[in-house]
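Please keep the structure open while reading.

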Amino acid sequence: MKKASLVEPHGGSLVSLLVDQKRSALLKDISLNLPDITLNDRQLCDFEMLATGAFSPLEGFMTRSDYESVLDRMRLQSGVLWPLPVCLGLPDIQARPLEVGQSATLRDPEGFLLGVMHIEDIWPVDHQKEASRIYGTNDRAHQGVRYLFKNEGEHYVGGKLEGLSLPLHFDFKQLRMSPQEVRNIYDKLGWQRVVGFQTRHPIQRLHFEMTIRAMRQTKTNLLLLPIVGMTKPGDFDHYTRVRCYRAVTRHYPPDSFVLNLLPLSMRLAGPRDALLHMIIAKNYGCTHFIVGSNHASPEPDAGGNPFYKSDEARKLAEEYSQEIDVTVVPFEELVYLPFEDEYRPADQVPAGTQTISFSSSDIRDRLRAGRRIPEWATFPEVVAELRKAYPSPRQQGFTIFLTGLSGAGKSTIAKVLYARFLEIGDRPVTLLDGDIVRQHLSNLLKFSKEHRDINVRRIGFVASEITKNRGIAICAPIAPYNETRQEIRKTIENYGGFFELHISTPIEVCEKRDRKGMYAKARAGLIKDFTGVDDPYEIPKSPELRIDTTDLTPDEAAQEILLLLGQKGYL
């Protein structure tokens, strides 16, 4: 029986793109005369996966022939199975000066030199085609599709890489090993069969039970590959997750597992992602790989419908299992049987038996609401770590985000709340009124849609920092656009509470209150793009509260908000 360390990497050889010292010195010398490309967060993850060989047999960002071959037939031009594009996307302004045949440096956002790319191809991106072929949809509710359209740029640049350094990490350095380093551990421990388990969640009892069953079923040891690159918005931060993994590993038998962090940026492409994860696990020396229900799936669409069937990833993984040479260990949904005090696959539960389903998302939501986590759902050590990052609402920071037309009463309500929170005195409080922020953070901005979004995003950024540090941020901009408000919500909810409060006072009332005459000037054409007159205000779809101040005093409006906060456990 061959050792796992001798399992052939995907494509035949394990790639390492890091050059030796002599070549590194030469590249550093010539880098001073090369154009620079600054990598974003996803590209930094891809660079590290390429440089360490986790993406073997790729030797750089894909050229056009490989890219189109992957889109059309899920294979590289050489015929090797590869399910997803790994491309370097650039906006037109950055791609235009580059030429095929030249080289460019790759740097992190701080300017640190990571490597040199020898450009072989530059071509325009067909976002519609890529979305439909890779994700099976053009719906931007799909996280992968949304990233493609918003962040990928207008051009792809392809070519081989020479790595001088890996991206800088200052955390968990002992857990950041290359595929070759992990394979060396297998040799030292004498392992012959290894099952890989990849996750973006902290390991709860459900995951622990799944891995133990897989190890017994396949007579393997375990490689835990938690993802520490880009995951889903709203996921626990990777520092919290890694502390949870370390806490749970004490429940495994000694020398039965290896824990290694995976700097992967998730595409959430469902079935195709499952194949990529199998290939990565193979490069790390795994002989088996766990594929669960809804593997690597995004959140449902706006109608609550999933983008992929729950067993779609498993079926595609099993279809290509023999070619990849990794055995799929499938797991349907595991449910908890309270009377038997055990987990069991849902399809093996007798009819009429009481069961409970409890996902990582359910645990996250309970934590944020300050509710108790059942002992059967996770380990006490995990709960302790999670509560450090997500204390009860009474101990969290939060953001009050008042939105509405000019003259609706936002600023006055914000001032009342500011005074009341200072009176309570249990958290630091910051007032981010629209006019104040315009004066101090955005005084050079105009009132175009682009500049309004920039202004609101700046408010959101400051509010997220305040919330992260357990303070209260009171924001009172007009913030007319739904998409921008939702973007801010997603950011802030990673750190604490977010309350969108629509001050829904009708425009007729707002105009009567307009002492500066702004509405009159706008209707006379003296002011352009005025919200509510010749620029739209998009009414919030599902705010935490709507308040019409037509017949309410500011104190009465503030009281409604304070009652809501008390009901949610924040006061």
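The sections below cover a helix pair, a sheet and a helix lying on strands, all in a predicted model.

## Helix pair H15 and H21

Two packed helices are described by the angle between their axes and the distance between the axes. For helix H15 (residues 410-424) and helix H21 (residues 554-567), the angle is about 55 degrees and the axes are 9 Å apart. Angles of 65 to 115 degrees would count as roughly perpendicular and those under 35 degrees as roughly parallel, so H15 and H21 are oblique to each other. Their crossing is right-handed.

On the H15 side, the contact is made by Thr412, Ile413, Val416, Leu417, Arg420 and Phe421. These meet Pro554, Asp555, Ala557, Ala558, Gln559, Ile561, Leu562 and Leu565 of H21. By residue class, the contact of H15 with H21 has 10 nonpolar, two polar and two charged residues.

## The five-stranded sheet

An open sheet is built from five strands with parallel pairing, in the order E15-E16-E14-E17-E18. The edges are strand E15 (429-433) and strand E18 (545-547); each has a single partner strand, so one side of each has no neighbour in the sheet. From one strand to the next, the twist averages 15 degrees.

## Helix H18 on the strands

Helix H18 (residues 482-492) lies across strand E14 (398-403) and strand E17 (497-503). Relative to E17, H18 runs at about 155 degrees.

Terms used: Residues are numbered from 1 along each chain as its sequence is written. This is a predicted model: local features need pLDDT of at least 70, side-chain atom pairs count only at pLDDT 80 or more; totals for chains, interfaces and linings use all residues. Side-chain values use heavy atoms; hydrogens and water are left out. Axes are lines fitted to C-alpha atoms, for helices over the stretch in contact, and angles run from 0 to 180 degrees between N-to-C directions. Helices (H or I, at least four residues) and strands (E, at least two) are DSSP runs, numbered from the N terminus. Angles under 35 degrees count as roughly parallel, over 145 as roughly antiparallel, 65 to 115 as roughly perpendicular and the rest as oblique. A crossing is left-handed if the near helix is turned anticlockwise from the far one by less than a right angle, and right-handed if clockwise. Contact means heavy atoms within 4.5 Å. Ala, Val, Leu, Ile, Met, Phe, Trp, Tyr, Cys and Pro count as nonpolar, Asp, Glu, Lys and Arg as charged, and the others, Gly among them, as polar. Two strands pair if DSSP finds at least two bridges between them.
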